[in-house]
Amino acid sequence: MELNNVTIEVGSDASKSHTQAANTPSSDEKPKPQLLYAINDNPPWYLSIFLAFQHYLTMIGAIVSIPFILTPALCMSDEDPNRGIIISTMIFVTGIVTYFQATWGVRLPIVQGGTISFLVPTLAILALPQWKCPPQAEMDAMEEAKREELWQVRMRELSGAIAVSAMVQVILGYTGLVGKILKYVTPLTIVPTVSLVGLTLFEHAADTASKHWGIAVGTTAMLTLFSQIMSNVSVPILAYRKGHGLEVRQFQLFRLFPVLLTIMIMWGLCGILTATDVFPPSHPSRTDVRLNVLTSAKWFYVPYPGQFGWPSVTLSGVLGMLAGVLACTVESLSYYPTVSQMSGAHSPPLHAINRGIGTEGLGTVLAGLWGAGNGTNTFGENVGAIGVTKIGSRRVIQWAALIMVLQGVIGKFGAIFILIPDSVVGGIFCVMFGMIIAFGLSTLQYVDLRSARNLYILGLSIFFPMVLCRWMQKNPGAIDTGNTTVDSTLSVLLGTTILVGGVLGCLLDNVIPGTPAERGLIDWANEMPLGDDNINDGTATDYDFPFGMDAIRRWKWTYYIPFMPTYKLQKQS
């Protein structure tokens with residue numbers, strides 16, 4: 001078979017016939033994309049490992065960028081080897097949750113991992129007076145044990161907030177409430193919620209990129225060159241094919257690995273400038289400025305729950321982190337129909353969506369207990385990889401999850417990424433945060449932008465949160481009710497842009513009169529059917545559990561459980 005100028009040997013005739021059957025649309029359904037491997041196909045193990053590693057490389061760039069914003073806010077020094085442990089923990093938890101999601105959750109070939117959406121409420125929590133970092137001189141004078149406790153107590157606060165707030169997502173999913181609540185989550189709710197994630201973090205991108213603007217701008221330019229201008233340029237490579245020997249094949253290197261290529265090239269450039277002493281000693285763009293992190297990291301380290309101490313729980317932290325949970329819920333729901341179409345599966349029925357959101361919540365609970373400092377969400381980068389490679393096999397994602405778990409326990413591996421110069425990461429931030437903003441704004445395609453009503457809601461729900469939250473940050477003691485808990489809670493809630501913007505957009509869109517077409521509800525419902533009437537004859541098994549279905553269908557009480565594969569069939573019979 002040939003796809004995107006890449007020739008790959010398909011495993012067996014049975015696999016081929018299965019794929020062809022999956023790609024052949026019936027007369028009453030939409031044509032499905034031509035896939036090399038559809039959702040239920042199992043490529044040979046050796047090919048699966050290669051494809052899985054590709055997914056791993058796709059997500060690693062986004063994963064390692066999170067600690068560059070998180071750890072300074074935790075009062076952790078750049079040279080602290082525990083930064084590598086945090087990265088390893090994120091990768092480890094990502095592997096566990098991804099496997100469970102693809103096997104028992106929504107059962108779509110999606111990767112679950114750390115998300116930028118949780119950074120906004122995280123920074124709002126750490127901006128509270130009791131969590132602000134002491135002066136640098138004071139931290140430098142601390143003993144090692146006190147310095148470690150300084151960031152670990154903040155990590156415990158975040159861990160508790162993440163784990164407890166994620167229980168709301170668990171309840172929404174496994175009780176089936178998510179379908180009912182989404183009636184009120186309109187496009188004009190999604191736009192400010194998602195867009196404000198990127199808009200809020202622009203200062204962090206500027207601070208990181210300003211370490212060396214030449215390297216940062218070069219990184220952004222190179223990423224633009226690879227991902228946009230050269231995305232269709234193929235590179236000839238030598239490959240071996242059974243029965244044919246060595247042959248030249250065309251490989252779309254720049255489309256598959258633009259972030260990885262950019263990081264490696266710019267990192268290498270910084271290495272050259274370091275070796276030639278163009279960058280003076282201790283310059284933040286030198287590749288050896290944090291070398292002790294790598295040398296002091298353990299070769300093998302298995303992350304475990306409570307490794308930084310058991311989580312602490314406060315009302316202000318939980319309510320603030322809830323904004324990130326709700327933002328991730330909306331974002332993941334928008335990916336499910338897209339991934340199902342790209343992987344040759346039926347549109348996801350309601351029971352699969354319920355399991356997907358519930359499982360994502362469980363993953364975030366685990367991330368909190370493990371001390372990852374972040375939650376889990378569907379990775380948009382890996383969704384794009386499916387569209388590029390035309391490989392939607394669930395088995396490939398399961399192999400990718402195994403690779404993540406293995407890499408998560410290799411301590412040196414996590415520490416390597418700490419060595420990436422800040423200016424390179426800043427250039428990546430400029431693109432990444434911009435894409436998050438664009439993803440949120442893309443939802444405007446469903447609404448009528450000629451409507452003065454919609455423009456009013458859009459402008460107010462984006463601009464007002466930025467004004468209010470900036471003022472809250474500059475005046476941390478402005479709220480004084482006489483109750484410390486109430487003050488902290490209100491400060492976090494009003495200082496979290498995605499929460500203020502999402503609530504304001506949802507409230508205004510559901511209160512101000514407008515027609516369904518004007519509000520974009522008709523087109524939005526067509527885009528996200530959420531399993532209304534897709535599966536009603538019992539013949540589609542894309543979302544069945546891997547085993548035990550005979551018993552589940554035999555037990556009549558399972559018909560009334562919202563996340564069971566029999567739920568939708570019973571409701572329609």
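**Close-up views of a predicted model**

**View 1. Surroundings of N510.** Leaving out residues up to four places away in sequence, N510 touches Y184 and R519, where contact means heavy atoms within 4.5 Å. This is a predicted model, in which local features need pLDDT of at least 70, side-chain atom pairs count only at pLDDT 80 or more, and totals for chains, interfaces and linings use all residues. Residues are numbered from 1 along each chain as its sequence is written, and side-chain values use heavy atoms, with hydrogens and water left out. N510 belongs to helix α22 (residues 497-511); helices are DSSP runs of H or I with at least four residues, numbered from the N terminus. N510 counts as partly exposed because its relative accessibility is 34% (buried is under 20% relative accessible area, exposed over 50%, partly exposed in between, with a 1.4 Å probe and protein chains only). Between the C-alpha atoms of N510 and T189 there are 9.6 Å, although the two residues are 321 residues apart along the chain.

**View 2. Surroundings of D544.** The loop between α24 (521-527) and α25 (549-554) holds D544. With a relative accessibility of 10%, D544 counts as buried. Its side chain makes a polar contact of 2.9 Å with the side chain of R553 (a pair of N or O atoms within 3.5 Å; within protein, one must be able to donate a hydrogen and the other to accept it, and residues adjacent in sequence count only if both atoms are side-chain atoms). Apart from neighbours within four places in sequence, D544 is in contact with R107, M549, R553 and P565.

Conventions
Helices (H or I, at least four residues) and strands (E, at least two) are DSSP runs, numbered from the N terminus.
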